[in-house]
Amino acid sequence: MENNSLLDVQHLSHMFHLKRKMTVKAIDDVSFQIKKGEIYGLVGESGSGKSTVARCIMNIYKPSEGEIFYKGIPICKSKEFRKNRKMLQMTRQMIFQDSASSLNPRMKIGDIVAEPLRIYSGKGRPGKKEIEKQLELVGLDRSYMEKYPCELSGGQRQRVAIARALSTKPELIVADEPIASLDVSIQAQMVNLFRKLQKEQGFSFLFIAHDLSMVEFLCDRTGVMYHGKLVEEGRTQDIFAHPEHEYTKALLAAVPIPDPRIERQKGEVL
Ligand SMILES: Nc1ncnc2c1ncn2[C@@H]1O[C@H](COP(=O)(O)OP(=O)(O)O)[C@@H](O)[C@H]1O
Ligand SMILES: [Mg+2]
């Protein structure tokens, strides 16, 4: 493993066992690395295996084959996972697509943001000032502390999810389609926010998306998944300039460009 990679996914495969010996191979021999401070985009159509990869990285699933090294530690081995559980809970965080369901509707925003530190830091609940600072980071003022998730818009709720994830000063953030359920105008705001936060805090970031529209702007490197396999990988600008796999070309052709003339030309080519 290169010294500067924080995450090293090696030959990862995962099967889901359904009834009567039926199995689904959700991911098949997936390998990639994320360096310290790098933003890595994982793209692919729905069902291509992106969430399964994310869940293996977060130890939600134990992969059928392969290994994931996080800071050099083979975290899929139960013993290693248990030994490092606390460190993993503090330094790895996940953001989900549907922030509405990932935030407890009966908790105030201030308590939601305080929760990871309260549970994992061993120092009890963080002070009000610290929670305020956390909310400020994501562009929410202190009045939000007393609100409930249902009082917020989708974009604001996603900001709360980001504030919560950042509270433990993570070194890796895994975001599984974090902007997919938001309006297009809000999507651009969120991507700008991710960029700003990554620059300020320096975490490594796995950004998962089902299309390429925001990836070019955000990600240093990009991996393309298709039917459970990582079919193409490289620097984002190279992938966009010279896509090799037919599926990547198709994904690129499907990127919406908000210019009617370009859209018309694309329509003629396709
Ligand atoms: N819990 C599960 N049980 C059975 N099959 C699953 C489960 N989760 C995902 N799959 C299957 O694994 C494949 C990859 O799914 P997923 O990782 O969710 O893809 P993506 O996130 O790219 O949409 C799909 O064929 C999906 O139907
Ligand atoms: Mg998914």
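**Reading contacts and helix packing**

Tutor: Let's start with S48, which touches A26, M225, Y226, H227 and G228 when residues up to four places away in sequence are not counted; contact means heavy atoms within 4.5 Å. This is a predicted model, where local features need pLDDT of at least 70, side-chain atom pairs count only at pLDDT 80 or more, and totals for chains, interfaces and linings use all residues. Residues are numbered from 1 along each chain as its sequence is written, chains are lettered from A and ligands numbered from 1 in the order in which they are written, and side-chain values use heavy atoms, without hydrogens and water.

Student: Where is the place of S48?

Tutor: S48 sits in the loop between β3 (39–43) and α1 (50–57); helices (H or I, at least four residues) and strands (E, at least two) are DSSP runs, numbered from the N terminus.

Student: Is S48 buried or exposed?

Tutor: Buried means under 20% relative accessible area, exposed over 50%, partly exposed in between (1.4 Å probe, protein chains only). S48 has 1%, so S48 is buried. A polar atom of the S48 side chain lies 2.7 Å from the backbone oxygen of E45.

Student: Which backbone atom of E45 lies 2.8 Å from a polar side-chain atom of Y247?

Tutor: It is the backbone nitrogen of E45. Y247 belongs to helix α11 (residues 246–253) and is buried, at a relative accessible area of 10%. Beyond its neighbours within four places in sequence, Y247 contacts G44, E45, V224, M225 and Y226.

Student: How are two packed helices described?

Tutor: By the angle between their axes and the distance between the axes. Take α5 (residues 109–120) and α6 (residues 128–137): their axes are 10 Å apart, at an angle of about 105°. The two are therefore roughly perpendicular, a label for angles of 65 to 115 degrees, while under 35 counts as roughly parallel, over 145 as roughly antiparallel and the rest as oblique.

Student: Which residues of α5 and α6 meet?

Tutor: From α5 come I109, G110, V113, A114 and L117, facing E130, I131, Q134 and L135 of α6. By class, this contact has six nonpolar, two polar and one charged residues.

Student: At what angle do α7 and α8 cross?

Tutor: Helix α7 (residues 154–166) and helix α8 (residues 184–201) cross at roughly 15°, their axes coming within 11 Å. That makes α7 roughly parallel to α8. Among the residues in contact are I162 and L166 of α7, and L193, F194 and L197 of α8.

Terms used. Axes are lines fitted to C-alpha atoms, for helices over the stretch in contact, and angles run from 0 to 180 degrees between N-to-C directions. A polar contact is a pair of N or O atoms within 3.5 Å; within protein, one must be able to donate a hydrogen and the other to accept it, and residues adjacent in sequence count only if both atoms are side-chain atoms. Ala, Val, Leu, Ile, Met, Phe, Trp, Tyr, Cys and Pro count as nonpolar, Asp, Glu, Lys and Arg as charged, and the others, Gly among them, as polar.
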